[in-house]
Amino acid sequence: MECSLSMLPAVNKANYLAGYPVVMVEQVQRLIEQDRLARVLLHKYPGMHTVRTDKTLYEYVMKIKEMHLRNAGQLDKVVFDAKLHVVRNALGMHSSKSMVQGARLRNRCEIRISSLFRWMPLDFLRMIVVHELAHIREREHGKSFYQLCSHMEPAYHQLEFDLRVYLTYLETGGLPLWKAG
């Protein structure tokens, strides 16, 4: 069973913001046209995190899991995935596989995070991690799923919107705001 935070196909800038009120989308478009969106995002999220390796990502995810989902199943693997955004049109993915080991059935749980998040602010990484961790308890994107996300990260909805705004900025030709070196 696979679940992902799927982004709509990047055909035009409105797709990342589909479902949001027209007034908000127009505001974002105005900021892009006025070449002010980059400054707004950099002011709100001035720096990037230091979680760069799969090992530090695993440790980071496990800290959040232990704080909020202590009784949830074990995570076997947490990695950055360079192909995820391009191939699956997703920013993160939670997968769970049942495997036979001898006479036992073992459930293997993995979280993959798009490598795009390696060079972003910690708030954006936390948002995607919270999203994928919530899938351990709630498979579908329903009311209880988003309540769990908001419980783990109170600013979840704002962070998701801001991330979608940043992806829209990139899609319209903006240069990455946070990068290596």
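Is Tyr-146 buried, partly exposed or exposed at 25% relative accessibility? Tyr-146 counts as partly exposed, because its relative accessibility is 25%; the term covers values between buried (under 20% relative accessible area) and exposed (over 50%), with a 1.4 Å probe and protein chains only.

The structure is a predicted model, in which local features need pLDDT of at least 70 and side-chain atom pairs count only at pLDDT 80 or more, while totals for chains, interfaces and linings use all residues. Residues are numbered from 1 along each chain as its sequence is written, and side-chain values use heavy atoms, leaving out hydrogens and water.

**Whole chain.** Display the protein chain as a cartoon: 7 helices and 4 strands are present, in the sequence order β-α-α-α-β-α-β-β-α-α-α. Helices (H or I, at least four residues) and strands (E, at least two) are DSSP runs, numbered from the N terminus. Of the 181 residues, 45% count as buried. Among contacts (heavy atoms within 4.5 Å) with a separation of 6 or more, 68% join residues 24 or more positions apart.

**Helices H6 and H7.** Select residues 143-152 (H6) and 156-171 (H7), which pack at about 95 degrees with axes 8 Å apart. Axes are lines fitted to C-alpha atoms, for helices over the stretch in contact, and angles run from 0 to 180 degrees between N-to-C directions. H6 and H7 are therefore roughly perpendicular, a term for angles of 65 to 115 degrees. Show Tyr-146, Cys-149 and Ser-150 of H6 against Tyr-156, His-157 and Glu-160 of H7, the residues that make the contact.

**Aromatic rings.** Rings of Phe, Tyr and Trp (its six-membered ring) pair if their centres lie within 6.5 Å, and edge-to-face denotes planes over 60 degrees apart. Phe-145 counts as buried because its relative accessibility is 0%. Next, select Tyr-45, Phe-124, Tyr-166, Tyr-169 and Trp-178, which ring pairs link into a cluster.

**Met-48 and helix H3.** Move to Met-48, in the loop between helix H2 (37-44) and H3. Finally, select H3, residues 54-68. Its buried residues are Leu-57, Tyr-60, Val-61, Met-62, Ile-64, Lys-65 and His-68.

Note on methods. Angles under 35 degrees count as roughly parallel, over 145 as roughly antiparallel, 65 to 115 as roughly perpendicular and the rest as oblique. The expected span of a helix is 1.5 Å times one less than its number of residues. Rings of Phe, Tyr and Trp (its six-membered ring) pair if their centres lie within 6.5 Å; planes under 30 degrees apart count as stacked, over 60 as edge-to-face and the rest as tilted.
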